[in-house]
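I want interfaces, salt bridges and strand pairing, with cut-offs.

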Amino acid sequence: MGADETYACLLAGRSGIGKMKYLKSKHTDLPVGEVPFSDEELRENLFIKEDASITRTSLLGACALREALVSASLFPRDKSWKMALVSGTTVGGMEKSELFYYDFLHTREKDEYIALHDCGACTDMIGQANPYGFEMMTTISTACSSAANAIILGANMLKLNRTDIVVVGGTECLSKFHLDGFNSLMILDHEPCRPFDKNRNGLNLGEGAAYLVMEREETACQRGISPLCKLSGYGNRCDAFHQTASSPDGEGAYLSMMDALAMAGLQPSDIDYINAHGTGTPNNDESEGHAMMRVFGDAVPPVSSTKSYTGHTTSASGGVEAAISILALIRGFIPANLNFSEKIDSLDFTPVTEVKQGVELHHVLTNSFGFGGNDSSCIFSKIS
Amino acid sequence: MEQLIEELKKEIIEVLNLEGMTPADIDENAPLFGEGLGLDSIDALELIVLMEKNYGIKLQNANEGKEIFKSVRVMAEYINAHRTK
Amino acid sequence: MSIYIQSASHISIQKPLSEAWMELPIVPDSAFMKSEEPDYKPFISPMEARRMGTLVKRALATSLDTLRKGGCEMPDAIISGTGLGCVEHTEKFLNAVIDNDEECLPPTSFMQSTHNTISSQIALRLKCHGYNSTYSHRGTSFDSALFDAFMQLSLGKIGTALVGAHDEMTPDYFLMLSKLDYWKMDFCHLGQLRKGEGRGSISGSCSLSMLLSSQKQENALCELKDVELIYRPGILQSRHAINEVLLRNNLSLKDIDAVVMGLSGDCDNDDVYHELKHHIFQNVPTLWYKQMFGEGFSSSSFGVYVGAVCLRVGRIPQHLFYFPEEAAMFQKEPRNILVYNHFQDRDHSIILLTK
């Protein structure tokens, strides 16, 4: 948990994927990227009372939100700035609903969790769990690109002066509903996932949360804060190919990367590292790979999928991977893509297999793609 | 075998929600995917669930379905050979 | 930059894909009102429809209908709001997880259960590669979608946007929410809602699509001047936000001909509106719409819809006035309508519409 620990794990090549401990699914043979803290431990961390009703998605979100606020010197809050929260989630409070569904329909025992089931309720709880007031909040639910789209909405709000500061990201906890759902699509690997490997056989489901604090340059200046980096471009496009599968040529992915580059005013060759969506499913990695080859030609920059460390944190992944991309940018390293051994036949490039330290990165591109072809890309750039 | 084919056709219509179709509309020798019935990868997953639920056949990999779901007849032959219920 | 609501189309407890509610509203007679379904055949082929739940069918029908009316073949963006997503398929999959002990689960239901299925199915149908997003923020899901579209149109990033609000109420979800006092289970006549005594309202499934455009066309409904979202404001901040919206648009409160509010008959919900009326909108006639379309996570969209249709027609029907005495006094052609909604006094939205 936290940026420093994440950094240490990425340097050491230590993956968080393993056997499930807190998720009570019968499919214990499926590896997962579980956050190694129980609900109780997360509550303690946040000083939330034992008997207060709260979902794990909200607990994870609240922990990440607090870290983001502290690191942006916004904890405790400075009331002179208008603040907004844009959070992404998909299954929301499902992890409790699936446990209490019988009660929801037949008893009065767990009624308080009915109101916590939906996505918006999770964002509301995250806001409340921090002794904090936001002037505006909303929730995005575009499956696995939710957090990336939160970044995009937040950036547009800043451009139009609709807020001074916006906290953007996403959160999602493991649930049987989600694990069984991906399993019913037969895209879960029974081994640790192998993004961009010829023999990849699916993803590992993960959980997590991550938030970024974004503001205009002049606000940061007035607050006396030196920003970590600049969001220089972003794109959101729809693949419009199939409800769950990506198109063979990665049209949506191609368009979203091109939009991000155009907005940033950059050439493909300016990108120093790509944090890929790279789920490890046969379909995603091939489609994303083709889209990258269309954008970058035969000069695809160093690529890795850090889902080999975190699992696929679905709605949170756009936030988690944005945070990792920013870490890479400011600490000058390229994380490795674990478990790779053989190139995909139809692709001309291979991912980075050993962590590279002491590299100077200027522009990092990160991809987040969701079911339904919801494809988004963001570019983070070093402030010169 | 012919009885199993009829049964399968009914089950396919039901599970894939092929509204307005009757077993007679499905040619047991025609391909299920692509041309023929025009089914796709999600339908293949539904058929895998059907085989497990109704005939106790568990496929580990969605790719195995490709051979089995060539036509209703091929599917029936596979079920006949591997069914556990 | 001017932004117009070009066209709109709905499926609700009123006559579907129609403005018949202006003259002859269907009067609800129970707390659980079913939507009137249109004939889907002109919009969706049986092969397409076989996997779709009710909500996606409604979303496709309203989307295609509003695009046709607005003379747009391909919008630059598709943005939907849905508080609960595709509940029908979510329940189907959840029940299967529980009943079958995590075995033999239906992939179609999982795939159709995610909230973004709606926007992506519309994109899939139109082959639209443009911006695509989904908001799921309880009672202001639609307002968030509208906010996103409004900002992108203002920034000139897009020229047209298909914005929707889609929620369905299944019997099980109705039952669960009834335990949280969402419904007046003994509802039988409208007077109960106007009185606003006790908790609860009536439920309605709401699907609404509207086409926004930065190019004005002949038959546009109205101009969308502003969208503002605020969280837990309190009356002072509400006043401040309303003033800011008016100021940004060179208007003052006396220019506002009517305010559309999400009055629903639930005492806690309505108290917030009564306070606003008392402190801010004392001299502005109050309109309501939930008596006609019901309460639900997408119902706020009907506030905007009702206001927009009144502006196009240039008249406000009597049955939309919350206070009969205001209806009797109102004679002018409306020019500016403010739509104010809130969800449980947490998320508030202010939307300004102009002829």
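This is a predicted model: local features need pLDDT of at least 70, side-chain atom pairs count only at pLDDT 80 or more; totals for chains, interfaces and linings use all residues.

Residues are numbered from 1 along each chain as its sequence is written, chains are lettered from A and ligands numbered from 1 in the order in which they are written, and side-chain values use heavy atoms, without hydrogens and water.

**Chain C with chain A**

- The contact (heavy atoms within 4.5 Å) takes 65 residues from chain C and 67 residues from chain A.
- About 5600 Å² is buried between chain C and chain A, and carbon and sulfur atoms give 59% of that. Buried area is the accessible area (1.4 Å probe) that two parts lose on being put together, summed over both.
- On the chain C side, Glu102(C), His129(C) and Lys179(C) lose the most area to chain A, together 13% of what that side buries.
- Nine salt bridges cross the interface of chain C and chain A. A salt bridge is a side-chain nitrogen of Lys or Arg within 4 Å of a carboxyl oxygen of Asp or Glu.
- Lys179(C) also forms a salt bridge with Asp111(A), with the closest N and O atoms 3.0 Å apart.
- Between chain C and chain A, 37 residue pairs are in polar contact (both at pLDDT 80 or more). A polar contact is a pair of N or O atoms within 3.5 Å; within protein, one must be able to donate a hydrogen and the other to accept it, and residues adjacent in sequence count only if both atoms are side-chain atoms.
- The side of chain C that touches chain A divides into 28 nonpolar, 20 polar and 17 charged residues. Here Ala, Val, Leu, Ile, Met, Phe, Trp, Tyr, Cys and Pro count as nonpolar, Asp, Glu, Lys and Arg as charged, and the others, Gly among them, as polar.

**Chain B with chain C**

- Chain B puts 15 residues in contact with eleven residues of chain C.
- The two chains bury about 1100 Å² between them, 52% of it on carbon and sulfur atoms.
- Ile42(B), Glu46(B) and Val49(B) supply 37% of the area that chain B buries against chain C, more than any other three residues.
- Four salt bridges are found between chain B and chain C. Arg50(C) and Asp43(B) meet in a salt bridge at 2.8 Å, N to O.
- Six residue pairs are in polar contact between chain B and chain C.
- The chain B side has seven nonpolar, two polar and six charged residues.

**Domains of chain C**

- Chain C has domain 1 (4–213) and domain 2 (222–354), with bounds from an automatic or database domain assignment.
- The C-alpha centres of these domains of chain C lie 22 Å apart.
- Their contact takes 54 residues from domain 1 of chain C and 51 residues from domain 2 of chain C.
- The area buried between the two domains of chain C is about 4300 Å², with 63% from carbon and sulfur atoms. Trp21(C), Met22(C) and Arg194(C) lose the most area on the domain 1 side, together 16% of what that side buries.
- Four salt bridges link domain 1 of chain C and domain 2 of chain C. The side chains of Asp266(C) and Arg199(C) meet in a salt bridge at 2.9 Å, N to O.

**Domains of chain A**

- Chain A has domain 1 (3–223) and domain 2 (230–381), and 21 Å separate their C-alpha centres.
- Between these domains of chain A, about 4500 Å² is buried, 66% of it from carbon and sulfur atoms.
- Leu10(A), Phe196(A) and Arg200(A) supply 20% of the area that domain 1 of chain A buries against domain 2 of chain A, more than any other three residues.
- Five salt bridges cross between the two domains of chain A. Lys198(A) and Asp345(A) meet in a salt bridge at 3.7 Å, N to O.

**A sheet in chain A**

- Five strands of chain A form an open sheet in the order E7-E13-E12-E8-E9, with mixed pairing. Strands (E, at least two residues) are DSSP runs, numbered from the N terminus, and two strands pair if DSSP finds at least two bridges between them.
- The edge strands are E7 (230–238) and E9 (303–304) of chain A, each pairing on one side only.
- E7(A) runs antiparallel to E13 (residues 374–381) of chain A, joined by eight bridges. Leu231(A) stands opposite Phe380(A) in E13(A).

Conventions: Helices (H or I, at least four residues) and strands (E, at least two) are DSSP runs, numbered from the N terminus.
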